[in-house]
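Here is a short briefing to read alongside the model on your screen. Have the sequence and the 3D view ready, and take the topics in any order you like.

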Amino acid sequence: MIQFKQLTFSRAGKALVEDASFQLHPGHRIGLTGANGAGKSTLFALLRGELVADAGDLLIPAHWVIAHVAQETPALSQSALDYTLDGDEELRALQTNLAKAQSGEVHDPLLVAEWHQRLADIDGYSAESRASTLLAGLGFSQAQLSQAVSDFSGGWRMRLNLARALMCRSDLLLLDEPTNHLDIEAVIWLESWLNAYRGTLLLISHDREFLDNTVNHILHIEDKKLELYRGGYSDFERQRAEKLALQQASYQKQQQHVAHLQKYIDRFRAQATKARQAQSRIKALERMELISAAHVDSPFSFGFRDPGSAPDPLLVLNKAKLGYSDQVLVSFNHLAIRPGERIGLLGKNGAGKSTLIKTLAQSETLLDGERVEGKDLRIGYFAQHQLEQLVATDSPLQHLQRLDPAAREQELLDFLGSFDFRGEMAKTPCGPFSGGEKSRLALAMLIWKRPNLILLDEPTNHLDIEMRHALSLALQAYEGGMVMVSHDRTLLATCCEKFMLVADGKAEVFDGDLDDYKQHLLKQTQVSTSPDKGSAPKQNSYHQQKADRQARLVERRPLLKALSSLEAQMAKLEIEKNTLQSRLADSAIYEVSQKAALQSLLLAQADNSKQLEKIESEWLACQEKLEALPE
């Protein structure tokens with residue numbers, strides 16, 4: 001296990017975490033969350049041994065293999081497949097040794113036999129097949145496996161780095177924003193892979209759906225404290241909301257959020273002309289209501305300005321062929337976008353989603369066909385390349401002043417404050433800003449222009465969970481038309497009522513919601529991986545292995561069920577513990593008139609502590625039994 005013993009660490013002289021003590025058990029999948037700059041990346045650097053703590057101990061078993069995703073990829077001539085295989089260092093060492101034996105450099109037959117046995121033990125003979133499967137899951141075609149690493153763009157090289165980390169047979173896997181360069185298809189595949197991973201996972205992600213689908217604990221950094229919560233991200237939000245709701249000011253702000261969301265739930269329930277899509281949106285909004293209390297202290301609270309008049313339709317494409325240099329990527333007969341329409345684009349990276357967005361924003365990628373703009377159309381377009389167009393020497397205030405020279409400075413400063421550009425930061429050159437800060441500035445500039453049609457191409461890249469939540473709320477209230485490309489399924493589910501699938505050179509309306517799309521992808525995967533009719537039958541050993549796996553699962557299932565039940569009990573007791581602590585922290589409870597109430601609280605606290613200790617002991621015993629079983 002990983003042990004934190006009174007751990008204190010800082011970065012650049014700034015204290016980040018103080019006196020943290022807890023344990024992370026083998027097999028736990030932990031989401032590491034906290035505001036930007038809270039210390040998430042520093043903690044990863046400590047776990048990798050790249051930094052030393054200021055005080056206390058961080059203990060990791062010496063024999064553990066730690067895997068992480070490299071942030072840079074050299075322009076190598078090595079093939080994508082070989083680069084991925086290099087992630088398993090022991091495999092490569094064994095292959096090198098055996099190659100030496102084959103060439104006559106090694107003459108010890110016992111040693112060579114040992115190497116062969118070890119290669120079999122680590123399933124080395126199927127390594128190329130496993131690496132190919134990893135790359136296919138992350139979106140690489142069969143032809144790309146033999147391409148040189150240097151041939152791939154930056155985003156695809158990051159996918160190669162992720163594949164290389166997954167190839168490593170690690171005890172601890174550290175992933176920092178692994179979905180940033182993935183499309184929805186690859187994200188869904190990665191979720192499945194991580195759920196089958198046997199080691200301990202620590203994951204930094206701002207994608208709440210991805211966290212909910214992959215982790216069973218949340219490690220949250222706040223106010224220089226590390227606190228471990230049981231459950232997924234939604235469970236964490238509910239537990240944290242329980243604490244915050246005890247504070248009256250926070251509670252009042254929560255109620256404003258609830259009222260705000262209810263208004264839109266009512267609106268879309270009344271407009272349920274497409275029952276399945278409307279109900280899906282209502283469920284998503286109701287889920288937003290449940291979590292709103294956990295974001296009452298968010299620094300972001302912006303909304304879209306009234307877009308004013310809008311033509312109907314806003315924009316039309318007829319008999320369109322889209323692409324570059326006479327290479328058609330997407331074609332369709334007709335697309336009309338109307339005021340208030342919210343469209344999410346689905347499809348793999350490279351299928352043409354961004355090309356369609358660019359064509360809607362301008363006509364450069366329209367190779368053939370007609371693009372008709374409505375009168376008074378005002379487009380707000382957001383894409384990652386626009387961050388490079390920000391003037392590095394100008395401040396956020398100067399960027400807005402250039403957009404609207406007639407606006408009062410104080411009005412612009414107030415507006416920037418809602419994007420957390422406050423005080424001197426609003427007047428600081430944006431060159432040194434982080435990717436998230438530049439994205440927030442680009443979004444602020446888009447919103448200030450009062451567009452009646454917004455086009456968003458991966459707007460959440462670099463944005464933290466708080467900013468994503470604020471953007472979702474703002475988009476729900478927006479009255480204009482919208483087309484969005486995003487791998488953030490929470491944003492798509494809460495803000496889009498209609499989906500279009502861009503695939504196989506076409507763009508067509510997708511009849512369903514994101515759950516339907518996931519099922520659509522899973523069916524496709526089953527078809528593509530099913531054996532050919534003429535393929536040879538599997539060997540009997542395969543059936544025996546399958547039967548053995550089933551037997552092991554039957555033995556492990558009661559323990560897994562017991563663990564799940566115990567974790568649910570512990571989560572409930574933790575909430576009760578936090579509530580009791582909050583009430584005991586209130587000075588009013590210590591007044592003479594509250595003596596009976598105080599005694600009752602202290603008894604309840606003692607009982608809670610006793611129950612929690614008992615359940616935790618049962619959980620540890622159950623976990624030890626599970627670890628003792630063969631996998």
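Proline 313 sits in the loop between α11 and β10; helices (H or I, at least four residues) and strands (E, at least two) are DSSP runs, numbered from the N terminus. A cis peptide bond joins aspartate 312 to this proline 313, with omega at about 5°.

This is a predicted model, in which local features need pLDDT of at least 70 and side-chain atom pairs count only at pLDDT 80 or more, while totals for chains, interfaces and linings use all residues. Residues are numbered from 1 along each chain as its sequence is written, and side-chain values use heavy atoms, with hydrogens and water left out.

- Lysine 224 has a phi near 65°, a positive value in a residue other than glycine.
- You will find lysine 224 in the loop between β8 (217-222) and β9 (225-230), where it counts as partly exposed at 40% relative accessibility. Here buried means under 20% relative accessible area, exposed over 50%, and partly exposed in between (1.4 Å probe, protein chains only).
- Arginine 450 also has a positive phi, of about 50°, although it is not a glycine.
- The loop between α15 and β15 (453-457) holds arginine 450, which is partly exposed at 33% relative accessibility.

**Nonpolar cores**

- In soluble globular proteins, nonpolar side chains tend to be buried together.
- The largest nonpolar core has 50 residues, and those with the most contacts inside it are Phe302, Leu346, Phe419, Leu475 and Met484. Such a core is a set of buried Ala, Val, Leu, Ile, Met, Phe, Trp, Tyr and Cys residues joined through side-chain atoms within 4.5 Å.
- Helix α15 (residues 435-448) gives the largest share of this core, eight residues.
- Apart from this core lies another, of 49 residues, including Leu85, Val149, Met167 and Ile465.
- Leaving aside neighbours within four places in sequence, leucine 346 is in contact (heavy atoms within 4.5 Å) with residues including Ile184, Lys353, Leu492, Phe499 and Tyr517.

**A buried glutamine**

- Glutamine 239 is part of helix α9 (residues 233-244) and counts as buried, at 5% relative accessibility.
- Not counting residues up to four places away in sequence, glutamine 239 touches Tyr229, Arg230, Ala571 and Ile575.

**Salt bridges**

- The count comes to 23 salt bridges, each defined as a side-chain nitrogen of Lys or Arg within 4 Å of a carboxyl oxygen of Asp or Glu.
- Arginine 338 and aspartate 312 meet through their side chains in a salt bridge (2.7 Å, N to O). This pair links distant parts of the chain, 26 residues apart: arginine 338 is in the loop between β11 (327-337) and β12 (342-346), and aspartate 312 is in the loop between α11 (275-291) and β10 (315-324).
- Arginine 338 is partly exposed, with a relative accessible area of 47%, and aspartate 312 counts as partly exposed at 47% too.
- Another salt bridge joins the side chains of aspartate 394 and arginine 402 (2.0 Å, N to O). Aspartate 394 is buried, with a relative accessible area of 13%, whereas arginine 402 is partly exposed at 47%.
- Lysine 427 and glutamate 409 form a salt bridge whose closest N and O atoms are 3.8 Å apart. Lysine 427 lies in the loop between α14 (409-417) and α15, and glutamate 409 in helix α14, so the pair ties together parts that are 18 residues apart in sequence.

**Pocket and cavities**

- The largest pocket has a volume of about 1,900 Å³. On a 1 Å grid over the protein atoms alone, a pocket is an open set of points with protein on both sides within 12 Å along at least five of seven lines, a cavity is a set of points where a 1.4 Å probe fits but cannot get out, and lining residues have an atom within 4 Å of a point. Grid points are joined across faces, edges and corners, and a volume is the space filled by probe spheres set on the points.
- This largest pocket is lined by 41 residues, of which Arg130, Thr133, Leu134, Trp189 and Trp193 lie nearest its centre.
- The whole structure has two cavities of 30 Å³ or more, and the second largest cavity has a volume of about 50 Å³.
- Residues lining the second largest cavity include Asp183, Ile184, Leu346, Lys353 and His487.
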